[in-house]
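Please keep the sequence and the structure in view while going through the points below.

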Amino acid sequence: MKSLRSPLFPLALVFAGMLALGLWGCATADSVAIPRAPAWVQVDGAPTVPVATVVAECQRVLPGVPVTYADGTYAIVSHAWLEDYIRWTSKAAFAADVAYTAESWDCDDFGLGFYLIATRKAAQAGVKAAPLIGRITVAQTSTFATVRGTSTGRHALIGVATDRGLFIVEPQPAGGLRIAPLAVYPNRILAVTFGDYNPR
Ligand SMILES: [Ca+2]
């Protein structure tokens with residue numbers, strides 16, 4: 001996996017790219033059908049947490065790891081929905097011909113797409129809080145979800161706070177299991193962002 005050397009894409013560009021690829025359930029220009037992403041599932045009681053709690057919890061679980069954020073209120077994610085959504089990303093990527101390409105569409109871009117479309121599904125359901133889906137940067141020294149570890153590599157993945165606990169997700173539609181509890185995730189997490197804006 002290539003190292004993360006360049007800045008993340010501007011979100012607007014990613015949105016435009018996803019729209020062009022039909023990843024919101026539209027058809028592409030040559031009429032390839034893209035399945036609709038699963039509708040957002042509200043966790044019972046619709047629990048939300050303020051950003052201060054999110055940051056404090058991150059610092060408790062991942063001491064010393066920098067956290068950035070863009071919103072003030074966050075929503076716990078349904079684990080059942082997350083599993084459906086992960087399956088959908090594999091189907092959608094295949095249908096839309098979205099595949100790994102070094103740098104131009106690699107781990108950070110898969111992560112952005114995963115985060116943005118999930119967030120859009122919450123918005124479509126009327127959720128007035130940002131889903132607790134963070135993009136994380138890790139030192140990929142151990143193989144996870146078929147993405148090989150290296151001694152020096154950096155990798156971008158997704159961290160999610162669900163109604164069944166904290167999970168790490170490989171956003172690329174790689175083979176093998178793409179989700180694991182944070183407690184058994186093998187690589188060191190270097191940074192977490194719930195949005196690129198840091199108001200501090
Ligand atoms: Ca990239």
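Helices (H or I, at least four residues) and strands (E, at least two) are DSSP runs, numbered from the N terminus. On that basis the protein chain holds four helices and nine strands, and along the sequence they follow the pattern α-β-α-β-β-α-α-β-β-β-β-β-β. The model is predicted, with local features needing pLDDT of at least 70 and side-chain atom pairs counting only at pLDDT 80 or more, while totals for chains, interfaces and linings use all residues. Residues are numbered from 1 along each chain as its sequence is written.

**The chain as a whole**

- A residue is called buried if 20 or more other C-beta atoms lie within 10 Å of its own, exposed if 12 or fewer do, and partly exposed in between, with C-beta atoms placed from the backbone; of the 200 residues of the protein chain, 34% count as buried.
- Two residues are in contact if their C-beta atoms, placed from the backbone, lie within 7 Å, and among the contacts in the protein chain with a separation of 6 or more, 71% come from residues 24 or more positions apart.

- Strands pair if DSSP finds at least two bridges between them, and an open sheet of six strands with mixed pairing has the order E2-E9-E5-E6-E7-E8.
- Strand E2 (67-69) and strand E8 (179-181) stand at the edges with a single partner strand each, so one side of each is left without a neighbour in the sheet.
- Strand E5 (residues 133-139) pairs with strand E9 (residues 188-194) in the antiparallel sense over five bridges, and Ala139 has Arg188 in E9 as its bridge partner.
- E5 also pairs with E6 in the antiparallel sense, over seven bridges, where the bridge partner of Ile136 is Leu157 in E6.
- E6 and E7 form a hairpin with two residues between them, pairing in the antiparallel sense over five bridges, and Gly159 stands opposite Ile168 in E7.
- Strand E6 is mostly covered, as eight of its nine residues are buried.
- Helix H4 (residues 107-124) lies across E5 and strand E6 (154-162), running at about 20 degrees to E6; such angles run from 0 to 180 degrees between N-to-C directions, with axes fitted to C-alpha atoms, for helices over the stretch in contact.

**The sheet of three strands**

- Three strands form an open sheet in the order E1-E3-E4, with mixed pairing.
- Its edges are strand E1 (48-50) and strand E4 (130-131), each with a single partner strand, so one side of each is left without a neighbour in the sheet.
- Helix H2 (residues 51-61) packs on this sheet, where it touches E1 and E3, and its direction makes about 85 degrees with that of E1.
- E1 and strand E3 (residues 73-75) run antiparallel and are joined by three bridges, with Ala75 in E3 as the bridge partner of Thr48.
- H2 also lies across E2, strand E7 (165-169) and E9, running at about 160 degrees to E2.

**Buried residues**

- Trp40 lies in the loop between helix H1 (11-21) and E1 and is buried, with 21 other C-beta atoms within 10 Å.
- The C-alpha atoms of Trp40 and Trp81 are separated by 6.7 Å, although the two residues are 41 residues apart along the chain.
- Leaving aside neighbours within four places in sequence, the contacts of Val77 include Leu82, Leu132 and Val160.
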